[in-house]
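Dear colleague,

I am handing over a structure that you have not worked with before, and below it you will find an account of what turned up in it. Please read the notes with the model open beside them.

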Amino acid sequence: MVTRQQTIGARIGFEGVGVHSGALVELSLHPAEAGTGIVFHVFEASGLIHEIAAVSGNVSSTDLSTIVGDRKGAHVATIEHIMAALYAMDVDNVVVQIDGREIPIMDGGSDVFVRAIEQAGVVTQRASRRFLRVLKPVRVELNGGFAEYRPYEGTRFEVEIEFANAAIGRQRFAGDLSPAMFRDELARARTFGFMKDVERLWASGHALGSSLENSVVIGDDETVINPGGLRFVDEFVRHKTLDAVGDQALAGARVLGCYRSFRGGHRLNAMALEALVADRSAHEFIEAPSRRMDPIRQVPLVAAAAPALGPQVL
Ligand SMILES: [Zn+2]
């Protein structure tokens with residue numbers, strides 16, 4: 001377990017379209033001091049910069065994607081896939097600069113973000129990490145689905161979905177979160193949608209950047225229309241798990257507990273975290289054990305040497 005706070009070892013730049021807005025945006029990740037957390041700096045054309053911390057108290061909407069905003073009306077949409085990558089790779093402190101209002105969709109999952117973080121390297125900082133430990137079960141329900149946190153020695157996800165569609169059906173994924181598990185089993189799972197919803201979404205100004213390059217699309221005949229097919233036979237539930245990881249990252253501390261959901265989504269993920277944090281008897285915030293108790297982490301880690309940096313790393 002990582003017990004010291006971590007940041008990235010180099011600045012990382014991306015360019016891509018927002019899946020809902022269709023707008024081309026530039027995004028860059030910057031190393032940040034211990035205690036910063038993940039903070040979005042939203043640049044307006046006027047030169048004004050809005051600072052929005054990626055914490056559950058700033059969530060302004062969970063329709064279609066998770067959106068954080070401030071009281072002045074600034075917001076950043078579709079933060080879940082980059083948040084999942086940072087949380088899973090044990091990166092606590094980063095400033096995310098963006099010149100638009102939506103995180104680019106890139107490959108539809110977290111793979112591009114994970115690879116870039118690996119190239120930049122992860123740097124251990126002096127400060128202890130904060131953990132949010134689940135002390136007793138907390139459960140919420142919504143529209144025939146439910147989500148719950150329960151005590152667990154680690155960070156575990158158990159996600160089950162059920163769609164009345166032959167392409168998906170009932171699928172379940174369970175696993176303990178680690179950088180390797182996330183990279184190998186979840187990061188490549190793409191967002192998905194139904195052809196029958198596309199016209200409605202377009203009419204309401206959404207999914208304008210959606211394409212077969214960044215989304216799995218299910219046709220009216222209940223089959224996947226992407227020419228390359230699926231990346232995993234159960235890619236749908238893996239993506240839902242990726243989303244749950246990204247939404248949990250808004251706790252602002254590493255959760256020690258098991259998160260389980262059935263027929264969940266961004267709304268239910270947010271409701272469960274809210275219920276956990278609201279119930280003082282159900283959780284505690286703790287600092288990592290002292291270094292003496294964890295000798296393996298005494299030496300600061302720098303994962304990648306500069307010559308190995310790829311083109312995405314500035
Ligand atoms: Zn997603």
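**Two residues with positive phi**

Arg 263 sits in the loop that runs between strand S18 (254-262) and H6. Please keep in mind throughout that this is a predicted model. Although Arg 263 is not a glycine, it has a positive phi of about 55°, and with a relative accessible area of 41% this residue is partly exposed. Most residues other than glycine have a negative phi, which is the reason for pointing such places out.

Thr 78 likewise is not a glycine and has a positive phi of about 55°. Its place is in the loop between strand S8 (75-76) and H1, and Thr 78 counts as buried, because its relative accessibility of 4% falls under the 20% that sets the limit.

For orientation, the ideal angle at a metal with four tetrahedral donors is 109.5 degrees.

**Helix H5**

H5 has 14 residues, and from its first C-alpha to its last it reaches 20 Å, which is close to the 20 Å expected at 1.5 Å a residue. Is this helix buried or exposed? Of its 14 residues, 14 are buried, so H5 is largely enclosed by the rest of the structure.

The largest pocket has a volume of about 1300 Å³. It is lined by 45 residues, of which Leu 64, Phe 192, Gly 193, Phe 194 and Lys 240 are the closest to its centre. The elements that each give two or more residues to this lining are helix H1 (80-88), strand S14 (155-162), strand S16 (191-194), helix H4 (195-203), strand S17 (215-218), H5 and helix H6 (266-278). H4 gives the most, with six residues. Sorted by class, the lining of the largest pocket is made up of 20 nonpolar, 17 polar and eight charged residues.

The second largest pocket holds about 380 Å³ of space, and among the 20 residues that line it, those closest to its centre are Gly 37, Ile 38, Asp 92, Gly 252 and Ala 253. Here the largest share of the lining comes from H1, which supplies three residues. The lining of the second largest pocket divides into ten nonpolar, six polar and four charged residues.

**An enclosed space**

How many cavities of 30 Å³ or more are there? The count comes to one, and about 30 Å³ of space lies in the largest cavity. Its lining is formed by Tyr 149, Phe 157, Ala 244, Asp 247, Gln 248, Tyr 259, Asn 269 and Leu 273. By class, the residues around the largest cavity are five nonpolar, two polar and one charged.

**The start of the chain**

Finally, Met 1 has its place in the segment before strand S1 (4-8). With a relative accessible area of 62%, Met 1 is exposed, because exposed here means over 50%. Although Met 1 and Ala 288 are 287 residues apart in sequence, their C-alpha atoms are 9.3 Å apart in space.

With best wishes

Key. Residues are numbered from 1 along each chain as its sequence is written. This is a predicted model: local features need pLDDT of at least 70, side-chain atom pairs count only at pLDDT 80 or more; totals for chains, interfaces and linings use all residues. Side-chain values use heavy atoms; hydrogens and water are left out. Helices (H or I, at least four residues) and strands (E, at least two) are DSSP runs, numbered from the N terminus. Buried means under 20% relative accessible area, exposed over 50%, partly exposed in between (1.4 Å probe, protein chains only). On a 1 Å grid over the protein atoms alone, a cavity is a set of points where a 1.4 Å probe fits but cannot get out, and a pocket is an open set with protein on both sides within 12 Å along at least five of seven lines; lining residues have an atom within 4 Å of a point. Grid points are joined across faces, edges and corners, and a volume is the space filled by probe spheres set on the points. Ala, Val, Leu, Ile, Met, Phe, Trp, Tyr, Cys and Pro count as nonpolar, Asp, Glu, Lys and Arg as charged, and the others, Gly among them, as polar. The expected span of a helix is 1.5 Å times one less than its number of residues.
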